[in-house]
Amino acid sequence: MSVKVAVVTGSNKGIGLAIVRALCKQYQGDVYLTSRDVGRGEEAVKSLSSEGLNPKFHQLDINDVSSITAAAAFFKEKYGGVDVLINNAAILFKEGDTTPFAVQADVTLKTNFFATRDMLTHFLPLIKAGGRVVNVSSLGGSWALKDCSPALQQRFRSEDITEDELVGLMQRFVAESQKGKHKEDGWPETAYGVSKTGLTTLSMIHARRLSKDCPGWVRTDMTSEKAPKSPDEGAITPVYLALLPPGATEPHGKFVSDKEVQPW
């Protein structure tokens, strides 16, 4: 029987590290801590090893497509695919950061939406039957959606929005931000929130498509805004979703916070 494997992106610190810690304790298989910086990743592995846990490490920079394809090739060769993928890697400009909004929009969307989409493009074909995909989103995405114009809200909530249309909307937000006209175009003043609105919507699009093509093959779920919680508390919902029992059909393509499906 082949060894199962779980992969967590951006997991050398914070929520990602807590997810790896919890999976090492609960998951029956190999658990990979990944980070773009090898030194930091190996230090994180050592810290978990000192707790008596046994994570493995693989370098993975989701902003570098060649790094993504190399990792995908590694997991396909060694394990024949991936059983659990938790897309946790993300960035957030802190409140009060003086970086121009146009720069924040560009940088934040590149990682939180476009790079995560690249991960899904290359890793979804590797997800094994009965596997799990958990995209770590945020309540900030829900709040940002509510602050969008009615027309934008309608498209993000639409059952027929396509991935191409969604990509176009994310590109439009960045472009309007460069011109300083994103508010006029119906967008809120939060690059992080918009990036997570995009990620949640992308997850729903993938879930609808995969349900038609191959019911039960991949489960795409969301978790919550972590600011008020400790890393270990923030890890509870992603780990819960990743470890749903075989044959579980719900939640699928939903936004989940504190183990409960939330309205979108």
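**A friendly tour of a predicted model**

Biologist: Which residues form a positive surface patch?

Modeller: Keep in mind that this is a predicted model. Arg 40 counts as exposed because its relative accessible area is 57%, and exposed means over 50%. The positive surface patch is made up of Lys 13, Arg 36, Arg 40 and Lys 94.

Biologist: Is Leu 124 buried or exposed?

Modeller: Leu 124 is found in the loop between H4 and S5. Its relative accessible area is 9%, and the cut-off for this class is under 20%. Therefore Leu 124 is buried.

Biologist: How many residues apart are Asp 106 and Lys 110, whose side chains meet in a salt bridge?

Modeller: Their salt bridge has an N to O distance of 3.5 Å. Both residues lie in helix H4, and about one helical turn separates them because they are four residues apart. The separation is four residues.

Biologist: Which helices hold Glu 165 and Arg 155?

Modeller: The side chains of Glu 165 and Arg 155 meet in a salt bridge at 2.7 Å, N to O. This pair links distant parts of the chain, 10 residues apart. Glu 165 is in helix H7, and Arg 155 is in helix H6.

Definitions and conventions. Residues numbered from 1 in each chain as written. Predicted model: local features only at pLDDT ≥ 70, side-chain atom pairs only at ≥ 80, totals over all residues. Heavy atoms only, no water. Patch = residues over 30% accessible without salt bridge, like charges linked within 9 Å, V, L, I, M, F, W, Y side chains within 5 Å. Areas by Shrake-Rupley, 256 points an atom, 1.4 Å probe, with all protein chains shown as cover. Salt bridge = Lys/Arg side-chain N within 4 Å of Asp/Glu carboxyl O. Lys, Arg positive; Asp, Glu negative; His and termini not counted. Charge placed at Lys NZ, Arg CZ, Asp CG, Glu CD. Buried < 20%, exposed > 50% of the residue type's maximum accessible area, 1.4 Å probe, protein only. Helix = DSSP H or I, 4+ residues; strand = E, 2+ residues; numbered from the N terminus.
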